[in-house]
Amino acid sequence: MSRRRRKRRAVKSGRVVEVLILVVLFMLLIIPLSIKDKNVEIEVGTNYNDKTKITYLGIDISDFVDIVGSIDTTTVGEYELTYKWGIKSATQKIKVVDKTAPKIEMQGGSTIYVQSLDNLDNIDPGVVVTDNYDKDIRAKRERNKISETEYEFVYTATDSSGNVTIEKRRIVMATGVIYLTFDDGPSNVTPEILDILEKNDVKATFFIVDYSEEDKETIQRVINDGHTLGIHGISHDYATIYSSVTAALENFTDLKEKLLNDFGYEATFIRFPGGSSNTVSKKYSEGVMTKVTEAVEQEGLVYYDWNVDVNDAGGARTASKIYDNFVEGIASKRENVVLMHDGFGHEATAEALQRIIDYAKYNGYEFSAISENTVPVQHSVNN
Ligand SMILES: [Zn+2]
């Protein structure tokens, strides 16, 4: 009796084990692989590392899975990778996206100065649009009137993923005038400068020093070409010029007389050697500049200093340095009186001249020779 009972119990417990095993197997079957990065987003054109952590029941099995599927990281789209381990698998979704906006590179700068706003379409130097994904992108251009003297171009570039870049450009009516002035000539450099000015139809001003018989041809050409002939002085020697008010005054009037006799040309514009603000004159005569700046005006002469110095008589001895100083020095909406030199040894100035003219014209400046309508640019006197 007791034996039978024991047997029945044994059978019973055997079933329980079977059921338990089945339950465990079933559990094992339905428990999925666990994947760390189920959904991934990457920027188009970047690399994708398909190593992600795969665990099963908390155990890292990443090294034992097979990866099925592929991604084209150069093409925007949705991709899937399947990580397989025995009969189990896990799927990863990878979105290759383009979130990088196009680049707009403006040709000709973000502000353009023009002499007329009549032909705006022809003024636009255009933009170059590049994108990390789309090959052929163009910018749409909108035009806004800001004021009577200013417009705005708005360039909008949109790529196929909808990323947008906007750039703006100002088109400003230039009122800047440039008076190129050349001191210390004439010399062998002067005809070179005259050639370039003539070719570009630019008028300038020459503040000359004393000249020889051979220089007369050059001076005559300055006059004939329509430039303004100004007086720098019969001498450039500071000790002589600034020894007294009379000497400083006669330094101008002597050359004025000579020009009148030789060419019948009445020069009225002058430039002090060293400028009216010079301090070197102090060494020779205290207060001479204060007095002579008044004396020349009584003589009917108008003196001009400068507000742009290309420094060609100072540190700038190469054409590119002279050009850089010019570009840095000029400003729109004012008169720019530019100090340059055409004396001996100033070949670099002649060499820089074409680029200087091109730059100024491109940016909407006008050139003019000094005339009675020009408002004099004068420094403050320091002696
Ligand atoms: Zn000088």
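## A pair of strands to begin with

Tyr155 stands opposite Glu167 in β13. Helices and strands here are DSSP runs, numbered from the N terminus: a helix is H or I with at least four residues, a strand is E with at least two. The model is predicted: local features need pLDDT of at least 70, side-chain atom pairs count only at pLDDT 80 or more, and totals for chains, interfaces and linings use all residues. Residues are numbered from 1 along each chain as its sequence is written.

Strand β12 (residues 150-158) and β13 run antiparallel and are joined by nine bridges. Two strands are said to pair if DSSP finds at least two bridges between them. β12 and β13 form a hairpin with five residues between them, and Gly162 in the turn has a positive phi of about 85 degrees. Which strand runs parallel to β13 (residues 164-173)? That is strand β9 (residues 111-114), joined to β13 by four bridges. Val114 has Met173 of β13 as its bridge partner.

Now look at an open sheet of three strands, in the order β1-β3-β4, with antiparallel pairing. Its edge strands are β1 (34-35) and β4 (59-60), each of which pairs on one side only. Two bridges link β1 with strand β3 (residues 54-56) in the antiparallel sense, and Ser34 stands opposite Thr55 in β3. As a reminder, strands of a sheet pair through backbone hydrogen bonds, either parallel or antiparallel.

Most residues other than glycine have a negative phi, and most peptide bonds are trans. Here are some exceptions to look for. A cis peptide bond, with omega about 0 degrees, joins Gly185 and Pro186. Pro186 sits in the loop between β14 (177-183) and α3 (189-199). Asp184 is found in the loop between β14 and α3 too, and its phi is near 80 degrees, a positive value in a residue other than glycine.

Is Asp184 buried or exposed? A residue is buried if 20 or more other C-beta atoms lie within 10 Å of its own, exposed if 12 or fewer, and partly exposed in between, with C-beta atoms placed from the backbone. Asp184 is buried because 24 other C-beta atoms lie within 10 Å. Just after α3, Asp201 takes a positive phi of about 55 degrees; its loop runs between α3 and β15 (205-209). Asp201 has 9 C-beta neighbours inside 10 Å, so Asp201 counts as exposed.

## Helices with a buried face

Val189, Thr190, Ile193, Leu194 and Leu197 are the buried residues of α3. They line one face of the helix, because seen down the axis of α3 they fall within an arc of 135 degrees. The arc is that of the directions from the helix axis to the C-beta atoms. These buried residues pack against β14, α4 (216-224) and α9.

In helix α8 (residues 319-329), the residues Ile322, Tyr323, Asn325 and Phe326 are buried. Down the axis of α8, its buried residues fall within an arc of 160 degrees, so they line one face of the helix. On the other side of α8, Ser320 and Glu328 are exposed. The cover over the buried residues of α8 includes β19 (308-309), β20 (335-341) and α9 (347-362).

## Nonpolar cores

A nonpolar core is a set of buried Ala, Val, Leu, Ile, Met, Phe, Trp, Tyr and Cys residues joined through C-beta atoms within 7 Å. How many residues has the largest nonpolar core? It has 56 residues, and those with the most contacts inside it are Val308, Val310, Phe326 and Val338. The largest share of this core, seven residues, comes from α9. Apart from it lies another core, of nine residues, among them Val129, Tyr151, Tyr155 and Ala157.

Two residues are in contact if their C-beta atoms, placed from the backbone, lie within 7 Å. Leaving aside neighbours within four places in sequence, the contacts of Val308 include Phe326, Gly329, Ile330 and Val338.
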